[in-house]
Amino acid sequence: MEGKALGLWKDWRLHLVVLAIVLVTEFIGQHRIPVGVGIILLLPMLYAVIIGIAIYFTPIVTKKQSHNAETLVYITLTLLIAKFGVQAGPALPQLIEAGPALLLQELGNLGTILLALPIAVFLGLKRESVGMTHSIGREPNLALITDKFGLSSPEGRGVMAMYIFGTVFGSIFLGLISGFLATATPLHPYSFAMATGVGSGSMAAASLGPLVAAFPDMADTITAFSGASNLLTSVTGLYASIFIGLPLTEKLYKVLSKRRNKNGTETEIVNNSQNITETEKQNEDRKSKVVK
Amino acid sequence: MLKNIQEWILLFIIVASLVVLGNWVGYDVMPLDAIPGILVLVGVSMIGLIIHKAIPYKGIPSIAYIGILAFIITIPGVPGQEQIVEWTTKVNLLAIATPILAYAGISIGRSWTDFAKLGWRTIIIGMFVLLGTYLGSAIIAEIILRIQGII
């Protein structure tokens, strides 16, 4: 990533566009929309991502700017990570106290499998659903599925679709629901702070923003928990997928598809997935050898 | 390496200015007040990037070095800690997030045509995929925090 950075500062067109977006969106400021029992928070960063997408389709920016923007996301993200860090340091005693919750909430990512896989199977998807719902589908998961099944397999198509969905819609969606859930459900803002470590920097920023804006007096602790959770997910996320997420998805998929296909197709699918599990095991062996 | 550092410095000058200006317009922090804080954040980020570049083992991402370094220098008792905390408090988190998502939007534009082809089933499942992770983690955290009596 850093290797490609040479000469990017010269892309004045890109930086001026972003400057204009920042000034306009910050000038518009925050808005709160009450929806039933909760509040949807509209933050400048939410307008920024939408305006950014819209501007891509105008002659103001070209594909070149769009490519360059990717590295700039990364560079700016390092500042956010540093900010996470400096807010987490003073909260060290609280982090230690909340350690068990921080560690165990990582397993919450399995909630995706339990919630989304049944829906995917219900909507009629086959093996694609395994790729789609085994995790949140960011870069490490894309790599994992490609490694196990190949990118042109049904599982590969599934994870790719989810990757594209998350890239385009993830930060917008999480930015909208995070403030709403925190105000509408009885769950504590600290719990949602820990949940923001989903495995993507921009999604974390988008889901953390409304929490900080909705609960300003808890902002320091919320940011500290969020930072710690993000760091943990970046370390443990892939392994949780390999050892728990994907095997659990396979099992649950078998159960669900059996129930769905009570006719002749059932055996075929079961056989198929058994074959796949076999190859997986071989892959797993190979990998563990490599690790050793 | 030197060329990289030079390039990073130029890029950080640009993004730091964006943050400071957004911080001014959106959160009423005068640029002069925010400059020490943003310099600390830039410094930490630079050091993290340099460590990542200098160490041959690339298994640890540079953001891990950055996060841990920023964490260590602000642990209570570390020399200069109070000053660093005071400076960086002036740089609003949301002011950093806005330029990130503005750049992200422009970068995302390229994926839009792929996104448009996805179909309604993918979009519905996608929302539950995100919701599942987010809500799942929050529920587990809530249970543990309540058992511990923290909340």
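This is a short tour of the two chains, one selection at a time.

Before you click, remember that this is a predicted model, where local features need pLDDT of at least 70, side-chain atom pairs count only at pLDDT 80 or more, and totals for chains, interfaces and linings use all residues. Residues are numbered from 1 along each chain as its sequence is written, while chains are lettered from A and ligands numbered from 1 in the order in which they are written.

**Stop 1: chain A**

You'll find 13 helices and 2 strands; both are DSSP runs numbered from the N terminus, with helices being H or I of at least four residues and strands E of at least two. Of the 292 residues in chain A, 53% are buried. Buried here means that 20 or more other C-beta atoms lie within 10 Å of the residue's own; 12 or fewer makes it exposed, anything in between is partly exposed, and C-beta atoms are placed from the backbone. Contacts also reach across the sequence: among those in chain A with a separation of 6 or more, 74% join residues 24 or more positions apart. A contact means two C-beta atoms, placed from the backbone, within 7 Å.

**Stop 2**

Next, select residues 44-56 of chain A, which form helix α2. Its end C-alpha atoms are 18 Å apart, which agrees with the 18 Å that 13 residues should span at 1.5 Å a residue. (The expected span is 1.5 Å times one less than the number of residues.) In α2(A), 11 of the 13 residues are buried, including M45(A), Y47(A) and I53(A).

Now move to residues 63-88 of chain A, helix α3. This one has 26 residues and reaches 38 Å from first C-alpha to last, close to the expected 38 Å. It's mostly covered too, with 22 of its 26 residues buried.

**Stop 3: a helix crossing**

Select 139-149 and 219-260 of chain A, helices α8 and α12. Their axes come within 9 Å and cross at roughly 35 degrees. (Axes are lines fitted to C-alpha atoms, for helices over the stretch in contact, and angles run from 0 to 180 degrees between N-to-C directions.) Who touches whom? P140(A), N141(A) and L144(A) of α8(A) meet G237(A), L238(A), S241(A) and I242(A) of α12(A).

**Stop 4**

Switch to chain B, which is divided into domain 1 (2-110) and domain 2 (118-151), with bounds from an automatic or database domain assignment. The C-alpha centres of these domains of chain B lie 29 Å apart.

Show both chains together. Their contact takes 87 residues from chain B and 107 residues from chain A. On the chain B side, α7(B) gives the largest share, 24 residues.

Zoom in on I125(B), which lies in helix α7 of chain B. Is I125(B) buried or exposed? It counts as buried because it has 28 C-beta neighbours inside 10 Å. Leaving aside neighbours within four places in sequence, I125(B) is in contact with A116(A), I119(A), A120(A), L123(A), M132(A) and T133(A). For a sense of scale, draw a line from the C-alpha of I125(B) to that of Q148(B): the separation is 34 Å.

**Last stop: a loop residue**

Finish at D28(B), in the loop between α1 and α2 of chain B. D28(B) counts as exposed because it has 8 C-beta neighbours inside 10 Å. Check the backbone as well: phi of D28(B) is near 55 degrees, a positive value in a residue other than glycine.
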